[in-house]
Amino acid sequence: MNKQKLQLYGTDWCPKSSALRNYMQGRWIEFDDFNVETDDAANTRIRNLYEGKLKFPTVVFADDFIKNPTIPQLNEFLNKHGID
C-alpha cells in the first residue's frame with residue numbers, strides 16, 4: 001500500500017505556520033515539515049501551486065492542498081482524507 005504523507009509548507013517565523021505545526025503535533029498527526037525559505041525544492045513546489053507566488057502556510061496531501069487554513073478548515077481537510 002502506497003501511503004501518502006501529509007505535508008506542511010511554511011517558515012519558522014510565521015505564527016500561522018507554527019500554530020498549524022503545533023496543532024498537528026499535539027494531535028500526533030504525522031506530517032513532513034518543509035521550510036519554504038531554506039528548502040529550494042519546497043519553495044518551487046509551492047510556487048508551482050500558486051502560479052509563481054510563494055503562499056504559506058500550505059498543507060498538502062496527495063494532489064490536494066489548502067492555503068492558510070483555520071483550525072476548523074484544517075480539520076475538514078484532514079477528515080476529507082481520512083487523517084485523524
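A contact here means heavy atoms within 4.5 Å. On that basis, residues 24 or more positions apart account for 53% of the contacts in the protein chain with a separation of 6 or more. The model is a predicted one, so to speak on its own terms: local features need pLDDT of at least 70, side-chain atom pairs count only at pLDDT 80 or more, and totals for chains, interfaces and linings use all residues. Residues are numbered from 1 along each chain as its sequence is written, and side-chain values use heavy atoms, with hydrogens and water left out.

As for the fold, the protein chain has three helices and four strands, taken as DSSP runs (helices H or I, at least four residues; strands E, at least two) numbered from the N terminus. Along the sequence they come in the order β-α-β-α-β-β-α. The C-alpha trace spans about 30 × 30 × 20 Å along its principal axes.

The accessible surface of the protein chain, from the Shrake-Rupley method with a 1.4 Å probe, comes to about 5,300 Å², and carbon and sulfur atoms hold 48% of that.

Asp39 sits in the loop between β2 (31-35) and α2 (40-49). Asp39 counts as partly exposed because its relative accessibility is 25%. Phe56 lies 17 residues from Asp39 in sequence, and the C-alpha to C-alpha distance between Asp39 and Phe56 is 13 Å.

Notes:
Buried means under 20% relative accessible area, exposed over 50%, partly exposed in between (1.4 Å probe, protein chains only).
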